[in-house]
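Here is a short briefing on one protein model. Keep the sequence and the 3D view open while you read.

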Amino acid sequence: MHVVVVAAVIDPARGLLLVRKRDDGVWYCPQGWLRPGEDLRDTAKRKVSEETGVLVSVEKVLAMRSRMLHDSPPEGELMVLVRCHALAGTPRPGICELDAAYTPMEALPEMAPHQAEWILEALAGNGRLLE
């Protein structure tokens with residue numbers, strides 16, 4: 001099973017930090033696979049820095065969800081949403097991104113399937129540690 005760490009970087013004045021991927025043009029929170037032996041916090045810090053140039057601290061795990069990627073061979077994915085606080089840096093896209101920007105919570109663009117709902121529920125305190 002793959003573990004994907006999704007970083008919800010919140011700035012009270014500017015909103016949620018998002019990236020638009022070069023390969024599909026879709027908006028996402030910075031995210032990436034957990035490397036063998038890597039801590040969840042380190043994955044979040046690494047991916048936010050690589051994808052946006054912003055340095056963060058990780059506050060807490062907000063929610064987790066799992067899904068099957070395909071049945072043959074069976075392979076799944078566990079997504080772990082962590083809340084982060086920006087420490088330094090101005091958003092700029094990494095090499096795999098078209099754009100990186102803060103977006104007001106009330107004006108989020110169309111995002112990866114179900115990601116906006118999952119993130120908003122978790123930030124409102126309605127997220128589940130496993131769904």
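How many nonpolar, polar and charged residues are in the lining of the largest pocket? The lining has 6 nonpolar, 3 polar and 9 charged residues. The model is predicted. The points below take the pocket, a helix, the cysteines and a few single residues in turn.

**The largest pocket**

- The largest pocket holds about 400 Å³ of space.
- Its lining is made of 18 residues. Val4, Tyr28, Gln31, Glu77 and Met79 are the ones nearest the centre of the pocket.

**Helix α1**

- Helix α1 covers residues 40–52, which makes 13 residues. From first C-alpha to last it reaches 18 Å, close to the 18 Å expected at 1.5 Å a residue.
- Asp39 caps the N-terminal end of α1. One of its side-chain oxygens lies 2.8 Å from the backbone nitrogen of Arg41.
- Just after the helix comes Gly53, with a positive phi of about 80°.
- Which residues of α1 are buried? They are Thr43, Ala44, Arg46, Lys47, Val48, Glu51 and Thr52.
- In general, an α-helix has 3.6 residues a turn, so residues three or four places apart point the same way.
- Glu51 is a charged residue to look up in this helix. Its relative accessible area is 2%, so Glu51 counts as buried.
- Glu51 and Arg20 are 31 residues apart in sequence. In space, their C-alpha atoms are 9.5 Å apart.

**The cysteines**

- A disulfide is a covalent bond between the sulfur atoms of two cysteines. How many disulfides does the structure hold? The count is 0.
- The cut-off for a disulfide is 2.5 Å between the sulfurs.
- Cys96 is in no disulfide either. For Cys96, the nearest cysteine sulfur is that of Cys29, 17 Å away.
- Are these cysteines buried or exposed? Cys84 is buried, at 1% relative accessible area. Cys96 is partly exposed, at 47%.

- Ala63 lies in strand β5. Its relative accessibility is 0%, so Ala63 counts as buried. Ala63 and Met79 are 16 residues apart along the chain, and 8.3 Å separates their C-alpha atoms. Met79 is also among the residues nearest the centre of the largest pocket.
- Leu34 sits in the loop between β4 and α1. With a relative accessible area of 27%, Leu34 is partly exposed. Leu69 is 35 residues from Leu34 in sequence and 16 Å from it in space, C-alpha to C-alpha.
- Where does Ala112 lie? Ala112 is in the loop between β7 (97–103) and α2 (115–123). Its relative accessibility is 8%, and since buried means under 20%, Ala112 counts as buried.
- Ala112 and Arg46 are 66 residues apart along the chain, with 21 Å between their C-alpha atoms. Arg46 is one of the buried residues of α1.

Definitions and conventions. Residues numbered from 1 in each chain as written. Predicted model: local features only at pLDDT ≥ 70, side-chain atom pairs only at ≥ 80, totals over all residues. Heavy atoms only, no water. Helix = DSSP H or I, 4+ residues; strand = E, 2+ residues; numbered from the N terminus. Expected span 1.5 Å × (residues − 1). Buried < 20%, exposed > 50% of the residue type's maximum accessible area, 1.4 Å probe, protein only. Polar contact = N/O pair within 3.5 Å; in protein donor to acceptor, adjacent residues only side chain to side chain. 1 Å grid on protein atoms, 1.4 Å probe; cavity = no way out; pocket = protein on both sides within 12 Å on 5 of 7 lines; lining within 4 Å. Points joined across faces, edges and corners; volume = space filled by probe spheres on them.
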